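My entries follow in the order in which I made them.

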Amino acid sequence: MCAVSWCSQSEKMEKPSVKGECLCGTVRFEIQGEVGNLYQCHCSLCRKVTGAAANAATFVDAERFSWRGGEGAIRSFVKDSGYRADFCQHCSSLVPNPLRDTDLVWIPAGLLEDSKNLKVVAHLHTASRADWDSCTESAQTAQCFDSMPDLKALHQLLYEKG
Ligand SMILES: [Zn+2]
Ligand SMILES: [Zn+2]
């Protein structure tokens, strides 16, 4: 067997990866292996930054995350409280950002190109959701948290299979 065909065969056996990009396609990234399930945060900050009832996101280990382009187009907004939103300077899409003091990268779910096996398993800050937010009706298969749960516990929940 020639070395070339062995190479291409072993490439095929690599773990699958999931790609994502912003609205304009400038900021691109890739996640090796499995992407965790999703949570939606209903806090007032996430509401403003998305303009929607809640954001949908997950975390991945930093070692499985890599940029594929457009890092120079990323701008950051940081509130005094430490709340941070990274976004594409061209199209304003929220883009992944490293979670401070952790080895995790925050991933906005809407940017993922393949999300067919993902589901929302947790709703955060439901106590401060908007009056018009109907999250409780759609949350029967997910856990709800009045505020922010322990990050480790949340990370575990996102990667639980079932
Ligand atoms: Zn963009
Ligand atoms: Zn939030």
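**Entry 1: the three-stranded sheet**

I found an open sheet of three strands, ordered β1-β2-β5, with antiparallel pairing. I took strands (E, at least two residues) and helices (H or I, at least four residues) as DSSP runs numbered from the N terminus, and I called two strands paired if DSSP finds at least two bridges between them. β1 (17-21) and β5 (65-69) are at the edges with a single partner strand each, so one side of each has no neighbour in the sheet. From one strand to the next, the twist averages 25°; axes are lines fitted to C-alpha atoms, for helices over the stretch in contact, with angles from 0 to 180 degrees between N-to-C directions.

I then looked at the pairing of β1 with β2 (residues 28-32): the two run antiparallel and are joined by five bridges. Gly20 has Phe29 in β2 as its bridge partner.

**Entry 2: source and confidence**

This is a predicted model, in which local features need pLDDT of at least 70 and side-chain atom pairs count only at pLDDT 80 or more, while totals for chains, interfaces and linings use all residues. Residues are numbered from 1 along each chain as its sequence is written, and chains are lettered from A and ligands numbered from 1 in the order in which they are written.

I noted a mean pLDDT (the predictor's confidence in each residue, from 0 to 100) of 89 for the protein chain, with 88% of its residues at 70 or more. Confidence is lowest in helix α1 (residues 3-12), with a mean of 50, and highest in β5, at 98. Where pLDDT is low, the predicted coordinates should not be read in detail.

I counted four helices and 11 strands in the protein chain. Six of the strands make an open sheet in the order β8-β9-β4-β3-β10-β11, and its pairing is mixed. Which strands stand at the edges? They are β8 (97-98) and β11 (143-144), each with a single partner strand, so one side of each is left without a neighbour in the sheet.

β3 (residues 38-41) pairs with β10 (residues 120-124) in the parallel sense, over four bridges. Tyr39 is opposite Ala122 in β10. Helix α4 lies across β3, β4 (55-61), β9 (104-108), β10 and β11, and runs at about 155° to β10.

I listed the contacts (C-beta atoms within 7 Å) of Tyr39 beyond four places in sequence; among them are Ala57, Val121, Leu154 and Leu158.

**Entry 3: single residues**

Leu151 is in helix α4 (residues 151-158). It counts as partly exposed because 13 C-beta neighbours lie inside 10 Å.

Is His125 buried or exposed? His125 is buried, with 22 other C-beta atoms within 10 Å. It lies in the loop between β10 and α3 (135-138), and its phi is near 55°, a positive value in a residue other than glycine.

Note on methods: A residue is buried if 20 or more other C-beta atoms lie within 10 Å of its own, exposed if 12 or fewer, and partly exposed in between; C-beta atoms are placed from the backbone. Two residues are in contact if their C-beta atoms, placed from the backbone, lie within 7 Å.
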